[in-house]
Amino acid sequence: MIVDARVQRRVQRYGWDKAADYYERFWAKQLEPAQRRLLQLAALEPGERVLDVACGTGLVTLPAAEAVGPRGSVLGTDISEEMVRSLENAAKTRGFTHVTARRMDAERLELADAAFDVVLCALGLMYVPDPLQALREVRRVLRPGGRLVFSEPNLANPQVLLMFKCDALKPWFGVSPDEMGFTRRTITRVLRRIDFRRFAVTFFDFLHPAIPAPLLPFLEPVAERFERVPLVRAISGSMLIHAEC
Ligand SMILES: C[S@@+](CC[C@H](N)C(=O)[O-])C[C@H]1O[C@@H](n2cnc3c(N)ncnc32)[C@H](O)[C@@H]1O
């Protein structure tokens, strides 16, 4: 189903506004392993200037702020006002004066060119009507030599493929009509086109985030075994992408 871009932005904005209150209660535990991997791959250094696009409540933004320390800075941007407010409150509670949050569409970053050392985006691009435009914006705000680290569902995974391509199954999986998935090929083609110089894709995770948290200790070891087998790994559920300007 093709959704008009303006409608998609509104659905995302107001839908996530409604989810802001319970987002962490429902998702924080399941998302934590993937977010930890993303942050490890980003290898943030003290003093770096970081932008977290589609930051949500700040599950990635706040650990990033810890990593860069008060000499650095982290800006979280999100299309949802309530997500931005939630991050502001969390940063205040922790006394993080080097964290700011702003409502902003990923396709139109109201930010100066080359203003950041690192851009992060955890499960954000999949909701944006024009991901190529969002990546162009990310490229623009990164300084030369800066890096982008982001995570996305892997469309080569059979379950993800069904979730994103079969409209009838979307409600069953809790996927909205406008969400999309990517393959390594589509992502790397786009990154090359917009002049990222080096990029690497890591596959991980066979476990859908909706799997109940109490089951994770039993299922994770099995999933980790799959991840170690090269050809099987390529159809895991998620991708982590590291790219440099
Ligand atoms: C699955 S949440 C991820 C939040 C956070 N990155 C995390 O890992 O917890 C997706 C986020 O994307 C945001 N979003 C959706 N469309 C967006 C857009 N066009 N521009 C910026 N943010 C957007 C939503 O508001 C939501 O907070």
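Me: Which helices each supply at least two residues of the shell around the ligand, and which gives the most?
Reply: This is a predicted model, so what follows describes computed geometry. Helix H1 (5-19) and H2 each supply at least two residues of the shell around the ligand. The shell has 21 residues, and the closest are Trp16, Ala54, Gly56, Ala106 and Ala122. The helix that gives the most, with 3 residues, is H1.

Me: How does alanine 114 count in terms of its C-beta neighbours?
Reply: Alanine 114 lies in the loop between S3 and S4, and its phi is near 55 degrees, again a positive value in a residue other than glycine. Because alanine 114 has 14 C-beta neighbours inside 10 Å, it counts as partly exposed.

Me: At which residue does H2 bend?
Reply: Helix H2 (residues 23-42) has 20 residues, yet its end C-alpha atoms are only 24 Å apart, short of the 28 Å that a straight helix would reach at 1.5 Å a residue. A bend of about 50 degrees is found in H2, with proline 33 following within four residues of the bend, and the residue where H2 bends is leucine 31.

Me: Which residues of H2 are buried, and what does their cover include?
Reply: An α-helix has 3.6 residues a turn, so residues three or four places apart point the same way. In H2, the buried residues are Leu31, Ala34, Leu38 and Ala42. What covers these buried residues includes strand S4 (116-122), strand S5 (142-153) and strand S7 (238-244).

Me: Is glutamine 30 buried, exposed or partly exposed, and how many Å separate its C-alpha atom from that of isoleucine 211?
Reply: Glutamine 30 lies in helix H2, and because it has 16 C-beta neighbours inside 10 Å, it counts as partly exposed. Glutamine 30 and isoleucine 211 are 181 residues apart along the chain, while the separation of their C-alpha atoms is 7.7 Å.

Me: What is the order of the strands in the open sheet, and which are the edge strands?
Reply: The open sheet is formed by 7 strands with mixed pairing, in the order S3-S2-S1-S4-S5-S7-S6. Since a strand at the edge pairs on one side only, the edge strands are strand S3 (99-103) and strand S6 (198-204). From one strand to the next, the twist averages 15 degrees.

Me: How many bridges join S4 to S5, and which residue is the bridge partner of leucine 120 in S5?
Reply: Strand S1 (residues 49-53) is joined to S4 by 3 bridges, and these two strands run parallel. S4 and S5 also run parallel, and the number of bridges joining them is 6. In S5, where 9 of the 12 residues are buried, the bridge partner of leucine 120 is valine 149.

Me: At about what angle does H3 run to S2?
Reply: Helix H3 (residues 61-68) lies across S1, strand S2 (73-78), S3 and S4. Relative to S2, the angle at which H3 runs is about 165 degrees.

Key: Residues numbered from 1 in each chain as written. Predicted model: local features only at pLDDT ≥ 70, side-chain atom pairs only at ≥ 80, totals over all residues. Expected span 1.5 Å × (residues − 1). Bend = angle between axes of the 7 residues up to and from the residue. Buried ≥ 20, exposed ≤ 12 C-beta atoms within 10 Å, placed from the backbone. Contact = placed C-beta atoms within 7 Å. Axes fitted to C-alpha atoms, helices over the stretch in contact; angles between N-to-C directions. Near = placed C-beta within 6 Å.
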